Amino acid sequence: MCQLLGMNCNAPTDVTFSFRGFAQRGGNTDHHADGWGIAFFEGQEGSDKGLRHFVDHQSASSSPVAELISRYPIKSRNVISHIRKATQGRVALENCHPFVRELWGRYWVFAHNGDLGDFCPRLHGSFKPVGATDSERAFCWIMQELTKSHADVPSAQELTLTLRELAAQIASFGTFNFLLSNGQALWAHASTKVDSQRLYYVERRHPFAHATLSDEDVSVNFADHTHPTDKVAVVVSAPLTTNENWTAFAPGELLVFTDGALATA
């Protein structure tokens with residue numbers, strides 16, 4: 001199974017600490033060595049329309065590009081990262097997550113953990129997969145169905161309702177954990193209650209404390225790197241730290257995070 005990492009914040013924040021531990025799972029502390037990727041939303045004056053997107057077919061623990069990301073503090077309010085254990089599609093750049101598409105004048109970023117078996121939806125219009133993964137097919141179908149349900153960018157609440165319906169349909173084909181963002185919010189869906197196929201989240205806010213990585217002997221005092229008004233939410237396939245209170249998603253649960261906090265439906 002692949003691994004997911006997402007971050008949503010109320011102010012531009014770097015993901016260096018979390019990504020450092022996460023990348024070790026790409027062939028070092030875990031066996032997810034079939035590629036990786038990361039996308040950062042950026043923009044001026046809070047638009048968050050710009051996007052930096054990096055993928056590599058090499059394992060995250062040995063990739064020079066991953067080493068660059070772990071040392072270069074790109075600041076973003078929404079980040080999605082993925083390390084791959086191939087189930088469908090060969091090890092190649094075109095099959096590396098996260099995937100990116102444009103809709104309603106914004107970039108949309110998607111990453112998936114799971115295996116969807118015989119999910120082969122009918123796709124038409126602008127959304128066609130480039131690679132050979134079930135994940136990219138699912139993303140294209142979601143984008144296609146969103147254009148049918150909404151004429152323009154809906155509110156986060158409206159989009160959450162639509163995504164819940166779409167996610168339930170796709171999840172009937174297998175395990176469907178995913179992260180999705182358009183730079184305005186972060187949506188996360190968990191498929192099952194099996195520990196290796198779950199998602200977890202943590203919300204960090206004032207007063208910030210120390211945290212220690214699970215996959216590497218590294219600690220950080222967030223109070224030294226944040227402001228009292230900062231809020232950060234992190235979603236991951238397995239808890240990244242040993243001394244924070246991570247909350248497990250319920251089976252079939254879709255949550256949305258905005259401005260660094262869990263939004264109410």
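Colleague: What should I keep in mind about numbering and confidence before the labels are discussed?

Modeller: Residues are numbered from 1 along each chain as its sequence is written, and side-chain values use heavy atoms, with hydrogens and water left out. Because the model is predicted, local features need pLDDT of at least 70 and side-chain atom pairs count only at pLDDT 80 or more, whereas totals for chains, interfaces and linings use all residues.

Colleague: How many aromatic pairs does a search of the whole structure find, and why is the pair of F110 and F176 called tilted?

Modeller: The search finds 10 aromatic pairs. Rings of Phe, Tyr and Trp (its six-membered ring) pair if their centres lie within 6.5 Å, with planes under 30 degrees apart counting as stacked, over 60 as edge-to-face and the rest as tilted. The centres of F110 and F176 are 6.4 Å apart and their planes stand at 35°, so the pair is tilted.

Colleague: What makes this a link between distant parts of the chain?

Modeller: F110 belongs to strand β6 (residues 106-113), while F176 sits in the loop between α4 (156-171) and β7 (177-181), 66 residues apart. Helices (H or I, at least four residues) and strands (E, at least two) are DSSP runs, numbered from the N terminus. Ring pairs also link F110, F139, F176 and F178 into a cluster.

Colleague: Why is the pair of Y201 and F249 given its label, and what are the values?

Modeller: With ring centres 5.7 Å apart and planes at 90°, Y201 and F249 are an edge-to-face pair, because the angle falls in the range set for that label. Y201 lies in strand β9 (residues 200-205) and F249 in the loop between β13 (247-248) and β14 (254-258), so the pair ties together parts that are 48 residues apart in sequence.

Colleague: How do you know whether Y201 and F249 are buried or exposed?

Modeller: Buried means under 20% relative accessible area, exposed over 50%, and partly exposed in between (1.4 Å probe, protein chains only). Y201, with a relative accessible area of 12%, is therefore buried, and F249, at 0%, counts as buried too.

Colleague: What makes β7 largely enclosed by the rest of the structure?

Modeller: In β7, 5 of the 5 residues are buried, so the strand is largely enclosed. Both of its faces are covered, with N177, L179 and S181 buried on one side and F178 and L180 buried on the other.

Colleague: How do you know that β7 pairs with β6 and β8?

Modeller: Two strands pair if DSSP finds at least two bridges between them. β6 and β7, which run antiparallel, are joined by 5 bridges, and V109 stands opposite S181 in β7. β7 and strand β8 (residues 186-189) pair in the antiparallel sense over 4 bridges, with L179 opposite A188 in β8.

Colleague: What makes the approach of R52 to E42 a polar contact?

Modeller: A polar contact is a pair of N or O atoms within 3.5 Å; within protein, one must be able to donate a hydrogen and the other to accept it, and residues adjacent in sequence count only if both atoms are side-chain atoms. The side chains of R52 and E42 make such a contact at 2.2 Å. R52 and E42 are 10 residues apart along the chain, with C-alpha atoms separated by 7.5 Å.
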